[in-house]
Amino acid sequence: MVRYNPQESEPRWRKAWADADIFRAGPIDASDPRPKYYILEMFPYPSGRIHMGHVRNYSLGDVIARFKRARGFNVLHPMGWDAFGLPAENAAMERGVSPRDWTYQNIDAMRDELKRLGLSIDWSREFATCDPEYYGQQQAWFIDLWKRGLVYRREGMVNWDPVDMTVLANEQVIDGRGWRSGAVVEKRKLNQWFLRITDYADDLLEGLKTLDRWPDKVRLMQENWIGKSSGLKMTWAFSGAAPAGFEGGIEVYTTRPDTLFGASFVAVSADHPLAAALAAADPRVDAFVHECRRGGTSEAEIESAEKLGWDTGLTVTHPFDPNWKVPVWIANFVLMDYGTGAIFGCPAHDQRDLDFVRKYGLPVKPVVLPPGADPVAFEVGKEAYVGPGRIYNSGFLDGLEIEAAKQAAIARIEAQGHGQGATVYRLRDWGIARQRGWGCPVPIVHCPACGPVAVPKDQLPVRLPDDLDFSRPGNALARHPTWKHTVCPTCGTAAERETDTLDTFVDSSWYFARFTAPDAAEPIDRAAADYWMPVDQYIGGIEHAVLHLLYARFVTRALADEGMLKAKEPFTGLFTQGMLTHETYRRQNGDWVEPSEIEITAEGATRRAILIDSGEPVVIGDTEKMSKSKKNTVTPSVIFDDYGVDAARLFVMSDSPPDRDVQWTTGGIEGAWRFVNRVWNEFDSQPPGVAPADTAADPKAHELVRATHRLTAAVTEAIDGFRFNSGIARLYEFLNTLKTLPAEGASPAVLAARQEALSTLARLIAPFTPHLAESCWERLGETGLAVAAPWPSFDPALVARDEVVLPVQINGKRRAEIRAPAGSPEAEVEKIALADEAVRSHLEGVTVRKVIVVKDRIVNIVVG
Ligand code: ANZ
Ligand code: ZN
């Protein structure tokens, strides 16, 4: 066996591709007959090094890109960097480097590594979101949306670290504490910038129905996130004197008006104006409201926090019974920015309400009777009853099913003038401002005379200064000595720049449109975007199912409504790839150790490992997602050095379907490396200059030709259907077939069939192992596979298996004839026979006792 040498060939082919500039997307040219295809993987954060997850993600996209190019599409496959964000600030704080230098150095290192992967990327379109040319265009459309009312400012809650005196992002709050200071985080009100995504709630929901090439799971997650619900907004009037300013009563939102007779309290959020009014008058209420502000702002944190309530002493009147007074509480589990910020509580049928009243001793009155339950005996204990049933204990609603009772209750409240049926979304407006220095500055100036004023477009970009001080926590932009001082663009008075920067999710919400014309003088070049958009296939992690993918859909719509592009949906196809996993290893003292530090000393049931250095036994743990903290990672560059890039690409795609996790093992990468060498050997052993010959006459040659066509069909379908692993499995099988027909001593017909097989094989492996494919292609005497070779086609007649005709005898008499693929298993032939029209007519009214199939010959049916 000759050994394939990836260290020699891989760099050579990458250079050849770069010299020929073949991965540059074609210009937009109406006379170009090729259809366009836009393939994009989620762009990386420039953390410094690529990891195996990147190898898999970008290899998957590259398979599609190379496949589509070979099939005659004009392919756009760009790459860039999601380059703003916290890690750069943290590196700056810890190491005293500038976030800009740190980021661009990382980009340089990672670009080299990605290039080494042999990805067919149009590098001419590369940009980073921290390039002023990019974020300046972002500022331009931000101003457009602001003028249209889609950007606005209001008070919003932020996480405040009282020790570091800084606003924290949600991911910097760990178990309710600041990640650096360890201090208990508080919720604080701050003027915040918002994007009015809620204006698009219904459109975003409706649009999901058109995304039939998205995983159902992701669509469902977005649907839940948007959280459309319908119910009733109704006002409860105060029974006694109303507090000043609240004469109109308290408006609550409910999705369960059918349970109104089960109400035991009304509660407002601690951030509700009523709570604020009461707190202003009573320091004890004020203290309680502050107590509620402890802990993070995320919904999960609020849900899991202990229930806290404050009895205001006020009461409201039940809408269906003027004599029924309901107490009013302030409660920490009521969110201010959902519905109306106030609820009525029905503990029998809502778990949060039940937990609350069990703590504070309020009554529990069931009003929904489960099917078959006894109305006298039925009780609610620790668990609220949320199932179906009939309404009881409820006056005019008694006997109705839940849905009918909801309608009846809404009708009555509407007739009384107490409220109105309403649709409410869980989706909240998107808070886009961050009090951080390493981000896109909000292009607004605050003028004491004019208020907030947009920076004129000819003054964009509003650049970040080069000399920000990141040595301390907090907003480096706000404390810069001079940057914020400017004059009002409208009236010329001394004014201050906004010092907030934009959430990095804004940066990633439109980069795919910018790739269509990355140097355009406007944010988006309309002609380029209308040609390339939407992205035909987007690939990335499921962790982005909601935020990034929803924001991108929203911003695309907002920009489309601005006339910047036609597409409303940015990604028609979405694929979420699985993760890379690896066994974990620990020393006796519990420290994690890297796979490269250990040696497996026994396999099988008594599998054992030791530390290479000291011989200390190592505990082999579970297979888990590769992570730095558990040290169960492998370094791509080390693998590339040892096995070549192609073997690594092949392995991460061969072992499981692309949407599943793949376990990295030494055995696996070695298997891929063996495959690479076996392929190479088949090409190496084929003599040069094989002449075409009549293969049809030679049964062996003919069978190889047919196997080649079958392989082409199978691999084509596998790539189209994102089943790369099964395509690769067919390639492995095919090598076994080839091995049974070696070049040495072969007839001219078999040699000719081999030549066709190898020519096909080189092109079929190209999307997976592109360097090897070029070497093989070259070995066949051809030039430039990626440059010019079209995807192989197949003849359906050769793919189809032969059919045989089988006579069918019933009790020994020939009654019919059926057709079946040659070599079909007996059970299949039996099925075909029993389904046959003519056979069935003879079986009417009789019982089939036995069916005997003689493979490829005859079917005998015994009846009685
Ligand atoms: C009375 C009731 C009775 C409720 C019952 C539920 C069950 P979904 O379905 O998630 O939209 N709610 C309304 N606004 C709230 C807020 N700002 N903070 C916390 N909870 C709030 O939830 C709607 C239900 O959540 C509403 O219906 C309300 O409680 C509560 F047996 O009203 B319900
Ligand atoms: Zn002004």
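A search of the whole structure, a predicted model, finds 1 cavity of 30 Å³ or more. The volume of the largest cavity is about 70 Å³. Its lining consists of 13 residues, and those that lie nearest the centre of the cavity are M93, Q172, W179, R436 and P473. Two elements, α3 (86–95) and β4 (166–168), each supply at least two residues of this lining. The most is given by α3, with 4 residues. By residue class, the lining of the largest cavity divides into 5 nonpolar, 4 polar and 4 charged residues.

Open space was also examined. The second largest pocket holds about 660 Å³ of space. It is lined by 28 residues, of which Y253, T255, I343, D350 and R352 are the closest to its centre. At least two lining residues each come from β9 (250–254), α10 (299–304), β13 (342–345) and α11. Of the elements that line the second largest pocket, β13 gives the most, with 4 residues. The lining of this pocket comprises 10 nonpolar, 10 polar and 8 charged residues.

The zinc ion (ligand 2) is coordinated by the SG atoms of C447, C450, C488 and C491, at 2.1 to 2.3 Å. The angles among the 4 donor atoms run from 106 to 115°, and the site is tetrahedral. For four tetrahedral donors, the ideal angle at a metal is 109.5 degrees. The spacing of the donor residues of the zinc ion (ligand 2) in sequence is C-x2-C-x37-C-x2-C. Within this set, C450 and C488 link distant parts of the chain, being 38 residues apart. C450 is in the loop between β20 (444–447) and β21 (451–454), and C488 is in the loop between β22 (485–487) and β23 (494–497). The two residues were also compared by accessibility. C450 is partly exposed, with a relative accessible area of 34%, whereas C488 counts as buried at 3%.

In the whole structure, 40 aromatic pairs are found. One of these is formed by F265 and F356, whose ring centres lie 5.0 Å apart; the planes of the two rings are at 45°, so the pair is tilted. F265 belongs to strand β10 (residues 265–269) and F356 to helix α11 (residues 351–360), and the pair therefore ties together parts of the chain that are 91 residues apart in sequence. F265 counts as buried, at 0% relative accessibility, and F356 is likewise buried, with a relative accessible area of 0%. In a further pair, the rings of F722 and F724 have their centres 5.2 Å apart and their planes at 20°, so this pair is stacked. F722 and F724 are both buried. One aromatic cluster is formed by F43, F127, Y134, W141, W510, Y511, F512, F515, Y538 and F571.

At the level of the whole chain, 27 helices and 36 strands are present. The C-alpha atoms fill a box of roughly 105 × 85 × 70 Å along the principal axes. The chain has 864 residues, of which 54% count as buried. Among the individual positions examined, S508 is located in the loop between α13 (504–507) and α14 (511–514). S508 is buried, with a relative accessible area of 5%. From S508 to D684 the C-alpha to C-alpha distance is 47 Å, and the two residues are 176 residues apart in sequence.

Backbone geometry was considered next. The peptide bond from L460 to P461 is cis, with omega near -5°, and P461 is in the loop between β21 and β22. The bond from M533 to P534 is also cis, with omega near -5°; P534 lies in the loop between α15 (526–532) and β25 (537–540). Positive phi values in residues other than glycine include that of D21, near 50°. D21 is found in the loop between α1 (6–20) and β1 (36–41) and counts as partly exposed, at 39% relative accessibility. D175, not a glycine, has a positive phi of about 50°. D175 is in the loop between β5 (173–174) and β6 (177–178) and counts as exposed, at 73% relative accessibility.

Technical notes: Residues numbered from 1 in each chain as written. Chains lettered and ligands numbered in written order. Predicted model: local features only at pLDDT ≥ 70, side-chain atom pairs only at ≥ 80, totals over all residues. Heavy atoms only, no water. 1 Å grid on protein atoms, 1.4 Å probe; cavity = no way out; pocket = protein on both sides within 12 Å on 5 of 7 lines; lining within 4 Å. Points joined across faces, edges and corners; volume = space filled by probe spheres on them. Nonpolar A, V, L, I, M, F, W, Y, C, P; charged D, E, K, R; others polar. Donors = N, O, S within 2.8 Å, 3.2 Å for Na, K, Ca; no water. Tetrahedral: all angles 85-135°; square planar, octahedral: opposite > 155°, others 65-115°. Buried < 20%, exposed > 50% of the residue type's maximum accessible area, 1.4 Å probe, protein only. Phe/Tyr/Trp six-rings, centres within 6.5 Å; stacked < 30°, edge-to-face > 60°.
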